[in-house]
Amino acid sequence: MKENFLWGTATASYQCEGGWNEGGRVPSLWDIFLHKNNLENGNVASDHYHQYKEDIRLMKEGGHNTYRFSLAWPRIIKNLQGEVNQEGINFYHNVIDECLANGIEPFITLFHWDLPQYLEEIGGWASREVVAAFEHYAAIVFKEYGDKVTYWTTFNEPRYYVFSGYKIGNYPPAIDDTQLTIQASFYMMLANAKAVKQYREMGQNGKIGIVHSYSPIFGIDDSLETKIAMRNADNYFNNWILDTAILGEIPVDMLGRLHEKYDLSFMKTDDFKTIKENTVEFVGLNYYARALIRPYSGGETILRINNSGAEGRGTSKVVVKNWFEQVWDPTSEFTEWDTEIYPQGLYEGIMMAYRKYGIPIYITENGIGMYEDITVESIRDEKRIEFLNDHIDAIQRAVEEGADVRGYYIWSTMDLYSWKNGHDKRYGLVAIDFENDCKRKPKASYYWYKQVCESNGKTIERKREYDSNFVSL
Ligand code: BG6
């Protein structure tokens, strides 16, 4: 990799911090939703709120030079009036200072899904008022931390958040409403543009981008029907985030189709102008799997996600009526949560994104969720090592072909709370004993990754042949 390549790991506030009612933090929509429905929650999570120094020490010893994490909006802004919680502000000063003192570059996300509940109560992301509240929050944190932090991203995975909450209904606010899905999507992208504008107007010296849940699109063949389905799928999965944030243009063919059935009058001329004029300068791509697409063959829309691991294996299904269907290649390998293991998708996805957008790329999440016995003396997570090796190799292949990739973050730094999958789905390089004061224990992958970071990727082995069985965009 190039000099100064960023090698690190990633977390999100609600998933690792815990301390849900400490330090003046107010509830997020996740606290309320999970408590009310008696579901596994992140009250304690990985206890990063109390053990962040230990975590940052482990990062340093593990050879990392960066850490991607998010700020919890409910720790920073107390109420609808926008009052600031000084204790929350101080907490993140401490985390950032600890990173800098250890040679770890902070890479900060403003919103990784923990919306303050008081904003959910006025309509959440489907309401325009939340855009103004986000601008206020962003201005506070840019002013506080702007001189210490170079890398900022506005949102983590708007698509995943909005679809899970407003269409699939497995995340709060847990509804199925296409009109509100469109509204929330649009307002998030507008809030992204407004935060970018503000960052620049405040004369900040760093870089600002957005993080997207990237599903590179592949087709089962190259027929016209498949090509059309692939375009629809690309709009659904990727373009409405990437085209909007990077090019400042919401795909017009998608808007045209939505306009036939839904009310888009809430989108104002000034909004389009703001979006056009305030685009991001880099993009973070989270890669877990590609999306293999075939033409729509009939029936209602089905969006089914396996949140129960081995028990629910093979139950994932995505059909978007009149748009496309997703298929799972039976010859491929999958995790217990139905995520395909397909490193080639990362290589091709980077090439597609780089050819189309030409801006710097950071792989802001990549990793594998597994059941693991962490009570053993040494945790030998060979499967994770193989997975990471093959994905870093995929990035190196793209870099060799000219793609401008500048950083890589493994999801996740330590085991953490995996939203609706609870704590059993472990992603960390460091094990957390959730039953035992969240004690930390590095896994074999942690030591393996140390060598990768310290050699700047030279210890990665090229083990896979790539196939050409499917058509990419
Ligand atoms: C990404 C999110 O979608 O994937 C993370 O940014 C999330 O917050 C990660 O945890 C893995 O997904 P899951 O559902 O397995 O936790």
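Where is the place of Glu365? The legends below begin with the whole protein and then come to this residue.

This is a predicted model, in which local features need pLDDT of at least 70 and side-chain atom pairs count only at pLDDT 80 or more, while totals for chains, interfaces and linings use all residues. Residues are numbered from 1 along each chain as its sequence is written, and side-chain values use heavy atoms, with hydrogens and water left out.

**Figure 1. The whole protein.** Here is the overall picture to start from. The secondary structure comes to 15 helices and 18 strands; these are DSSP runs numbered from the N terminus, with helices (H or I) of at least four residues and strands (E) of at least two. Along the principal axes, the C-alpha atoms fill a box of roughly 55 × 55 × 45 Å. A compact globule of 473 residues would have a radius of gyration near 23 Å, and the 21 Å of this protein agrees with that. That radius is taken over C-alpha atoms, and the globule rule is 2.2 Å times the number of residues to the power 0.38. Of the 473 residues, 62% are buried. Buried means under 20% relative accessible area and exposed over 50%, with partly exposed in between (1.4 Å probe, protein chains only). Among contacts with a separation of 6 or more, 77% come from residues 24 or more positions apart, where contact means heavy atoms within 4.5 Å.

Figure 2. Glu365 sits in strand E14, residues 361–365. An unreviewed UniProt entry lists Glu365 for "active site"; UniProt positions are given here in the numbering of this model, feature names are shortened, and annotations may be inferred rather than shown by experiment. Glu365 counts as buried because its relative accessibility is 4%. Not counting residues up to four places away in sequence, Glu365 touches residues including Arg68, His112, Asn156, Tyr288 and Trp411. The side chains of Glu365 and Arg68 are joined by a polar contact of 3.0 Å. A polar contact is a pair of N or O atoms within 3.5 Å; within protein, one must be able to donate a hydrogen and the other to accept it, and residues adjacent in sequence count only if both atoms are side-chain atoms.

**Figure 3. Close-up of Asn156, a contact of Glu365.** Asn156 is found in strand E4, residues 151–156. With a relative accessible area of 0%, Asn156 is buried. Leaving aside neighbours within four places in sequence, its contacts include Arg68, Thr109, Val211, Asn286 and Glu365. The side chain of Asn156 also makes a polar contact of 3.0 Å with that of His112. Ala12 is 144 residues from Asn156 along the chain, yet their C-alpha atoms are separated by 9.2 Å.

Figure 4. How far apart are the end C-alpha atoms of H5? They are 22 Å apart, in agreement with the 22 Å that its 16 residues (86–101) should span at 1.5 Å a residue. The expected span is 1.5 Å times one less than the number of residues. Buried residues of H5 include Gly88, Phe91, His93 and Cys99. What covers the buried residues of H5 includes helix H3 (48–61), strand E3 (105–111) and helix H7 (129–145). Just after H5, Gly103 takes a positive phi of about 70°.

**Figure 5. Close-up of helix H7.** The 17 residues of H7 reach 25 Å from first C-alpha to last, close to the 24 Å expected at 1.5 Å a residue. Val130, Val131, Phe134, Tyr137, Ala138, Val141, Phe142 and Tyr145 are buried in H7. They cover an arc of only 135° around the axis, which puts them on the same side of H7; the arc is that of the directions from the helix axis to the C-beta atoms. Glu129 and Lys143, on the other side of H7, are exposed.

**Figure 6. Close-up of Thr413.** Look for Thr413 in the loop between strand E15 (405–411) and strand E16 (430–433). Thr413 is buried, at a relative accessible area of 6%. Its side chain forms a polar contact of 2.8 Å with the side chain of Thr9. Apart from neighbours within four places in sequence, the contacts of Thr413 include Ala10, Met59, Tyr67 and Leu429.

**Figure 7. Close-up of Trp240.** Trp240 lies in helix H10, residues 224–247, and is buried, with a relative accessible area of 7%. The side chain of Trp240 reaches the backbone oxygen of Tyr236 at 3.0 Å.
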